Amino acid sequence: SEGTWEMYVLGDWGAGGSLQRQVAEGMRSLARTSGMPNIILSTGDNIYPSGVTSTADPQWRTKYEQVYTGLDVPWWAILGNHDYRGNVDAQVAYGSVNPRWNMPGRTWRQEFSVDPVTKVVLTALDTTPLLQKKEGWKEQLDGLERSLAAAPGARHIVAGHHPLRSYGHYGDNDFLVRNVKPILDRFSVMLYCSGHDHDLQAIRNPADGFACLVSGGGGGTRPTKRGPHTKAMHDGGGFASVRLTSRTTTVRLHDRTGATVGEMTL
């Protein structure tokens, strides 16, 4: 049978409230009907309001471990701006305490196999210091280029907390459009995944060689709107899924019950 590889994409989740628990139940519900994903990608703002103090912070238990029971697949996580209010190195180190949690560094790269010939490469950016042009920001862009150049035949997905394109609260990010978009275009990246806006959006701007997925509805919600290049959108909480076969890639938006509320085929 044809190989498939799927990830759920969840952002801005660790709020500790009822919406977070409802979305977690929606993820379990979808996994029960459609099969468990291979991984869960967290697009940042993992713990609200101010990240964690250490790997032993009780919020790991109350806002992560106790909420996502039954979703025992590898979580691959990136950092958001709220995580930077706490100890980001503790989020990197938490994987040594909980092997389900994968954050090999503030930026990282991981290769997965869809089937024996089809590979997907996930490259994680750390957009908070990048947008602030903190020391090392240019090296981060160089690292992105190296990651993409190292696997020319793979399908590339890049993740960063801040959206490059959005019709929600924050809109397009000029810095990312200017500095990251040309790299994504040059290396034929397929999809840029982000959070930050507390909504779900699938956007295909014809000016880009790639599509954009905003998935920031894991713990809170904010109204969003439809733009000229919106393929699907939803507010009210939820998550996304990205399913790859050797031929197609399908992005779906799911509401807090796990029901599909829109999709985009790449």
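Colleague: What volume of space lies in the largest pocket, and which residues are the closest to its centre?

Modeller: About 200 Å³ of space lies in the largest pocket, and of the 19 residues that line this pocket, T107, D126, G136, E139 and Q140 are the closest to its centre. A pocket here is an open set of points, on a 1 Å grid over the protein atoms alone, where a 1.4 Å probe fits and with protein on both sides within 12 Å along at least five of seven lines, while a lining residue has an atom within 4 Å of a point. Grid points are joined across faces, edges and corners, and the volume is the space filled by probe spheres set on the points. This is a predicted model, in which local features need pLDDT of at least 70 and side-chain atom pairs count only at pLDDT 80 or more, whereas totals for chains, interfaces and linings use all residues. Residues are numbered from 1 along each chain as its sequence is written, and side-chain values use heavy atoms, with hydrogens and water left out.

Colleague: Which elements give two or more residues to the lining of the largest pocket?

Modeller: Elements are DSSP runs numbered from the N terminus, helices being H or I with at least four residues and strands E with at least two. Those that give two or more residues to the lining are β5 (108–113), β6 (119–124), α4 (127–131) and α5 (137–149), and α5 gives the most, with six residues. The lining divides into seven nonpolar, six polar and six charged residues, where Ala, Val, Leu, Ile, Met, Phe, Trp, Tyr, Cys and Pro count as nonpolar, Asp, Glu, Lys and Arg as charged, and the others, Gly among them, as polar.

Colleague: In what order do the strands of the sheet with edge strands β5 and β11 stand?

Modeller: Strands of a sheet pair through backbone hydrogen bonds, either parallel or antiparallel. Two strands count as a pair if DSSP finds at least two bridges between them. Here seven strands form an open sheet in the order β5-β6-β7-β8-β10-β9-β11, with mixed pairing, and its edge strands β5 and β11 (230–234) each pair on one side only. Within this sheet, five bridges join β6 to β7 (residues 155–159), and these two strands run parallel, with L122 having I157 in β7 as its bridge partner.

Colleague: How many salt bridges are counted, and why does the pair of R186 and E145 tie together parts that are apart in sequence?

Modeller: A salt bridge is a side-chain nitrogen of Lys or Arg within 4 Å of a carboxyl oxygen of Asp or Glu, and by this rule the count comes to 13. In one of them, the side chains of R186 and E145 meet at 2.8 Å, N to O. R186 lies in helix α7 (residues 181–186) and E145 in helix α5, so the pair ties together parts that are 41 residues apart in sequence.
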